[in-house]
Every structure is written in structure tokens, then in C-alpha cells.
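Visitor: I am new to this structure and would like a close look at a single part. Please take me through it slowly.

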Amino acid sequence: MKTAVYPDPRQARRFHFTDCGYDALTGVAHLGYRFDEGPELVETITFPHAPWPPDASRQAAFQRALELLHAIAGVSYYKAGLAPEIRFGHPEAVAGLGGFLQELYVQGLAEFAHLNNLDVAARVNFPQRDAPVFSARARSLLLPSRALVAMGGGKDSLVGLDLMRRAGFEVMPICVGRSGLISETVRATGLPLIRIGRELAPELSVLNAAGAWNGHVPVTAINSAILLCAAVLYGFSYVVFSNERSADEVTLTRPDGAPVNHQYSKSSAFEASFRRVIAERVSADVEYFSILRPFSELGIVRRFSEMSDFHFVYSSCNRNFHLAGPRVEGRWCRDCPKCRFAALSLALFLSPAEVSAIQGADLLDDPGQADGFRALCGLGRDKPFECVGEIGECRAALGALGVNDAWRGHAVILELLPELAGWEVPTLQCLLRPGGEHFIPEAVAAGLQAARIFDARD
């Protein structure tokens with residue numbers, strides 16, 4: 001059998017979005033891409049037990065949502081070669097989306113560009129075409145007032161799910177991928193789980209192994225588009241993520257002044273842009289928003305610290321969550337920025353014994369972890385490229401633990417506390433107070449206020 005030979009995508013002149021389609025009988029969507037005249041790269045998305053909408057308006061809305069997903073998910077393939085020319089097999093499907101996609105690809109690949117020393121902004125060139133006139137704003141899809149809640153296996157999605165339930169809404173947990181840990185976490189809530197299958201084109205790993213550009217992509221943007229499709233198929237009016245206001249902090253600023261935010265697709269900027277695109281192209285009846293946008297990471301951890309039923313089934317360690325499966329035994333690797341931030345933030349509200357029981361070790365009493373915590377606090381180190389709290393939050397937590405009898409004698413606290421002198425440290429009271437701009441719909445905000453959680457209408 002002859003082995004296929006794939007061209008080097010870094011030498012490609014054109015990147016093609018070939019086609020996308022959906023088989024209503026199997027629930028499988030196909031997303032196709034190609035470099036120059038090379039083999040087609042086909043990604044599949046499987047929506048289990050998904051009914052095909054009987055009405056023409058929802059069918060049309062799903063097609064537009066699928067075209068949007070096709071354009072967004074292409075970032076995983078485009079970044080392998082960064083071809084200077086981008087073409088669409090059906091350009092009318094993405095007319096008017098050039099500005100949105102340009103921003104998403106440039107900002108979503110900013111970390112990838114920084115680490116690979118590439119000027120992605122100079123390479124990304126989406127065609128700019130006037131948008132067709134859609135009647136989506138006027139069209140009613142008659143979607144039930146219920147919520148798909150994205151689950152990631154960590155504390156944020158558990159708190160977000162809890163808030164939506166307390167606000168009085170029918171909720172359905174949903175995830176993308178095969179993570180067993182997410183299944184265990186959702187099982188603890190007593191709710192069923194919709195699991196969307198996502199299979200990357202197998203040729204992508206071949207290209208990566210052959211030296212294609214590789215690195216971080218805006219996964220939350222891709223998952224957001226997948227869940228938008230799911231909402232139209234299954235009949236949900238709310239697509240709910242649990243992205244906090246801390247996601248807006250840039251990870252670093254390049255010497256040329258360009259921001260690099262590891263969490264761009266979790267940011268309020270992306271949320272605002274994606275909401276606008278949904279309303280203009282799919283339907284204004286689908287509300288995409290983050291239920292946790294008014295909260296800091298520490299504010300979320302404070303709520304989660306009271307949810308003791310979930311302390312031993314969740315994990316914030318990203319080595320558990322990969323499309324190919326977990327890369328760590330147990331729930332915590334105990335040697336990454338996510339594990340360290342979990343230890344630092346949980347310590348504000350739990351005892352050393354309780355935090356050690358959750359993570360399986362006391363990271364704050366391990367001198368070998370000090371430099372990792374130093375980076376979290378921005379004490380002469382860059383913030384890690386991870387979904388962790390703001391530098392100010394970490395400094396505030398460190399300072400508070402330094403005057404906490406249960407924690408102040410721990411090795412990391414003793415070593416780093418003197419280094420806080422001379423750095424700006426915000427007050428915990430301000431950090432723990434909900435507030436700021438958000439896109440929580442009025443009906444949800446009213447439910448939160450009625451449940452005496454907080455008044456999101458302020």
C-alpha cells in the first residue's frame with residue numbers, strides 16, 4: 001500500500017474552506033479544508049440523537065450556524081501553514097464575516113504567533129465582502145426558554161450551572177469531546193449530559209509531525225460555535241458559558257504593544273462580537289452569554305468553596321482535558337499553573353487539610369513550587385499562558401494568606417510574601433464584589449436577583 005505524501009502547508013499559497021454539510025440521519029456534520037491542491041482535511045462533529053428541525057426557519061438558522069462553525073473551526077487547520085491567501089468554496093456563506101474572522105484569528109492566534117515568533121496579523125487576510133441582507137433579526141425560531149450549559153469539568157462550569165438552576169431555568173449540561181472526568185462531574189449534579197463528538201482531520205497530526213506550525217488555538221470560540229449549532233438542533237434559547245471577568249486580562253504585551261491574551265476567546269470582547277454575529281446571521285432568539293462575567297476568579301472560588309459535594313469530583317488541571325484523552329493519572333498533576341492557582345485561591349476559603357484532600361498534596365508548602373507561584377503573582381516573572389486568575393488576584397491572595405494563622409507558615413508564603421513589597425496589591429473586598437459589564441439576559445438577571453444571589457441588572 002502506497003503511503004500518502006502530504007505537502008508542507010508552510011509552503012502553501014492558498015488555504016481553502018472547501019465545504020460543510022450535515023447528515024440529518026446520522027447527526028454528523030462535515031467541515032472541509034485544503035492547502036493549495038493538497039488532500040482535503042475533513043473534521044467531523046457528531047450531534048447525538050439530534051432531531052432535524054421540522055420548520056424551515058430553524059433549518060435555515062442551523063445552516064447559517066454550521067457555516068459559521070466551519071469558518072471558526074478552520075483556525076485549527078489554517079495555523080498549520082498560515083497561507084497568505086484565504087478562499088471559500090461558497091463565499092456568499094461568509095460574506096460580511098471578514099472583520100469578525102480577522103479579529104478572531106489574529107487575537108486567537110496571538111499566543112501561537114508570539115511563541116513561534118511569527119507575524120500572524122500580516123498573514124491573515126480574510127476576504128472582505130458586504131454582508132447579505134438577512135431577516136434573522138425578525139425571524140422567530142420559537143425556541144423553548146431553557147439553557148445549554150457548557151461543562152468543562154472544573155469549578156467555573158459547576159458554579160455557572162448552579163447559578164442557572166438557582167435562577168429558575170431548565171438546564172442541560174453539554175460538552176465537546178470524550179472526557180470521562182466531565183462525565184463524573186456532571187453525574188454528581190444529578191443531571192444528564194449531552195456529549196458532542198469532535199474528530200479532527202487525521203491528516204492534521206501527520207502535518208504537525210512533519211513540521212507544520214503548531215500551538216494554541218481559540219478552543220472556546222470553536223466550542224461556542226458547536227454549541228450554537230446544538231442549540232438550534234435540540235431547541236434551546238440560551239447557550240451559557242462560565243467565563244469570568246478575569247479572562248479579559250492580557251497575558252502579556254509584546255514589545256510592539258500588541259496584546260497577547262491566552263484567554264481571548266473567553267474574553268468579553270469575543271463574547272460581544274460573537275453575540276452580534278449570532279443576532280445578525282442566525283437568530284436574535286439565541287442568547288449566547290457568560291453567566292460568570294460579573295465575577296473575578298476569586299469570587300467564583302468563594303462560591304465553589306461552599307459546594308462541598310463537588311470538591312472531590314472536579315479538576316482545574318488542564319492535563320485532564322485533551323481531545324485525545326487525559327495526560328495525567330488522577331485529577332491533578334500538581335505541577336502546572338492551573339494546579340497552583342487552584343491551591344492559592346482555595347486556600348483563601350479552606351483549611352490546609354481541606355485543600356490537600358482535594359489536590360492530594362499541599363503545593364503551598366513545597367519550596368520547589370515557589371517560582372511557579374511567583375509567575376502567577378507577576379513577581380518578576382511573566383504570567384503563565386494558562387486560564388488562571390489575574391496577577392492582582394494572586395497577589396491579593398498571597399497577601400491575605402500571609403496574615404492567616406493556618407497558612408502563613410507555609411514555605412511558599414514565607415518565601416514570596418516579602419517580594420510583594422513595592423507591587424500594587426488590590427483589596428480582596430473589591431475583587432470579591434460582583435460587577436462590571438456583562439451580557440446576562442434580563443430574564444436570567446431577574447432570576448438571579450430573585451434568588452438573592454446578586455443583582456446582575458445593576
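Which residue in β6 is the bridge partner of Ala 150?

Guide: In β6, the bridge partner of Ala 150 is Ile 174. Before going on, please note that this is a predicted model, in which local features need pLDDT of at least 70 and side-chain atom pairs count only at pLDDT 80 or more, while totals for chains, interfaces and linings use all residues. Residues are numbered from 1 along each chain as its sequence is written, and side-chain values use heavy atoms, with hydrogens and water left out.

Strand β6 covers residues 170–176; strands here are DSSP runs of E with at least two residues, and helices are runs of H or I with at least four, both numbered from the N terminus. Six of the seven residues of β6 are buried, where buried means under 20% relative accessible area, with a 1.4 Å probe and protein chains only.

On one side, β6 runs parallel to strand β5 (residues 146–150), and five bridges join the two. Strand β7 (residues 194–199) also pairs with β6 in the parallel sense, over three bridges, and there Ile 174 stands opposite Ile 194. Two strands count as paired if DSSP finds at least two bridges between them. In general, strands of a sheet pair through backbone hydrogen bonds, either parallel or antiparallel.

These strands belong to an open sheet of nine strands, whose order is β4-β1-β2-β3-β7-β6-β5-β8-β11 and whose pairing is mixed. At its edges are β4 (85–88) and β11 (287–290), each of which pairs on one side only. Neighbouring strands of this sheet are turned by 20° against each other on average, with direction ignored; the axes behind such angles are lines fitted to C-alpha atoms, for helices over the stretch in contact, and the angles run from 0 to 180 degrees between N-to-C directions.

Key:
Buried < 20%, exposed > 50% of the residue type's maximum accessible area, 1.4 Å probe, protein only.
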